[in-house]
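Okay, thanks everyone, I'll keep this short. Let me put the structure up and walk you through the parts I'd look at in a viewer.

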Amino acid sequence: MRSIYLILMFIGALFLNACNPKKQNLKHSRTSTKASPYLGQKPPGLIPEVFAPGIVSTKDWQTFGVFTPDLKEFYFIREVGETDEDKKMEFVVIQNKNDQWHKSVVSPRVGEPFISPDGKTMHLGTRYKERTETGDWSEIKSLGAPFKDFPIMLLTTSSKGTYVFDSMGEGLLRYSRLVDGKRKEPKPFGKEINTGKFNAHPFIAPDESYLLWDGRRDSGYGKADIYVSFRQLDGSWGEAINLGDKINTETSEFGAIVTPDGKYIIFNRDVGKIKPTDKYEDVDIFWVDAQIIENLRPKQ
């Protein structure tokens, strides 16, 4: 009788488990959120790794991931849909609430996101959102002229309020300084930055000591490579330096930014089959120790 009772208990447990819908628990990743604030992931070394596999990086596209300064929110763009006809791009956030990560869809894709160093503004190309007193984001607003006249993909800002942005199809990077509370007209960077083709997706360091971006040059490793330029003592920009073959491959790497704490580079890599066309088949988000930047910084 005891054996029959145990068997019935086991069958009942299986039945109850089958009736309960499975919920994704993002807390059970590679490490706990207390050990690592980066979605619980074990940080990488000097060799890039896929970021948050199964949580952020899945079988479809994931691009342009960015943390808020407190590392409590991670925003990114992902592709969803089973067939080519069904596929669409979504804007997604993963938030840390009570030491657990919760994923939700913010909206359809509205631009490539960047959070200002003070955490008060989410830039979306020619548009932006502001943090409200309740901690939510405002409705989307326009930057207005002259920025609305540029087909901006990614706009990033420094702690001083300097805008650095690209222009789709043009291949030029520009900057606009904030002086005495007034926004200056955008100006293109010099030949140190704007050489080669398809220069895009810039990241200006919060202290403006370096600039990351991607572009194509004859000396590169593949399609798009990620480069860095360091601010010189006289305020000019140094020659572009390729981040090297540990970052750049024979395919495309692009959209590099540095986490708000300055510890890691987050970037995008085309992981699909390499073809002679410019079409990206599949893109994942990668990350790597930002020490790579310091290793390339010229001695002054």
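Start with R217: its charged end sits over the ring of Y227, 5.1 Å from the ring centre. There's another arrangement like that at R269, which lies over the face of F286, 4.6 Å from the centre of the ring. Keep in mind that this is a predicted model.

Okay, the overall picture. The chain has two helices and 22 strands. Of its 300 residues, 48% count as buried. If you take contacts between residues at least 6 apart in sequence, 43% of them join residues at least 24 apart. The chain exposes about 16000 Å², and carbon and sulfur atoms supply 53% of that.

Now the inside. The largest nonpolar core has 52 residues, and the ones with the most contacts inside it are L39, F51, V56, Y210, L212 and I265. Strand β22, residues 283–289, gives the largest share of this core, five residues. Apart from that core lies another one, of nine residues, with V164, L173, I204 and W237 among them.

Let's pick V56 and ask: what is it in contact with, leaving aside neighbours within four places in sequence? For V56 that comes out as L39, F51, Q62, F74, F76, I94 and I285.

Rings next. We count 21 aromatic pairs here. Take Y38 and Y264: they're edge-to-face, 5.1 Å centre to centre, with 80° between the planes. Y38 lies in the loop between α1 (2–19) and β1 (49–50), and Y264 is in strand β21 (residues 264–270), so this pair ties together parts that are 226 residues apart in sequence. Both Y38 and Y264 are buried. Then there's F203 with Y210, a tilted pair at 6.4 Å centre to centre and 45° between the planes. Buried or exposed, those two? F203 has 3% relative accessibility, so it counts as buried, and Y210 is buried as well, at 9%. There's also one aromatic cluster made of Y38, F51, F67, F74, F76, Y264 and W287.

F74 and F76 bring us to strand β3, residues 73–80. Eight of its eight residues are buried, so β3 is largely enclosed by the rest of the structure. In a regular strand, side chains alternate between the two faces of the sheet. In β3, E73, Y75, I77 and E79 point one way, while F74, F76, R78 and V80 point the other way, and all are buried. So who pairs with β3? On one hand, four bridges join it to strand β2 (residues 62–67), running antiparallel, with F67 opposite F74. β2 and β3 make a hairpin with five residues between them, and L71 in the turn has a positive phi of about 60°. On the other hand, eight bridges join β3 to strand β4 (residues 88–97), also antiparallel, and there E79 stands opposite M89.

Last stop: an open sheet of four strands in the order β16-β17-β18-β19, with antiparallel pairing. β16 (197–204) and β19 (241–242) are at the edges with a single partner strand each, so one side of each is left without a neighbour in the sheet. Six bridges join β17 (residues 210–216) to β18 (residues 225–230), and G215 has D225 as its bridge partner in β18.

How values were computed: Residues are numbered from 1 along each chain as its sequence is written. This is a predicted model: local features need pLDDT of at least 70, side-chain atom pairs count only at pLDDT 80 or more; totals for chains, interfaces and linings use all residues. Side-chain values use heavy atoms; hydrogens and water are left out. A nonpolar core is a set of buried Ala, Val, Leu, Ile, Met, Phe, Trp, Tyr and Cys residues joined through side-chain atoms within 4.5 Å. Buried means under 20% relative accessible area, exposed over 50%, partly exposed in between (1.4 Å probe, protein chains only). Contact means heavy atoms within 4.5 Å. Rings of Phe, Tyr and Trp (its six-membered ring) pair if their centres lie within 6.5 Å; planes under 30 degrees apart count as stacked, over 60 as edge-to-face and the rest as tilted. A charge sits over a ring if NZ of Lys or CZ of Arg is within 6 Å of the ring centre and within 35 degrees of the ring normal. Two strands pair if DSSP finds at least two bridges between them. Accessible areas come from the Shrake-Rupley method with a 1.4 Å probe; for residues, only the protein chains shown count as cover.
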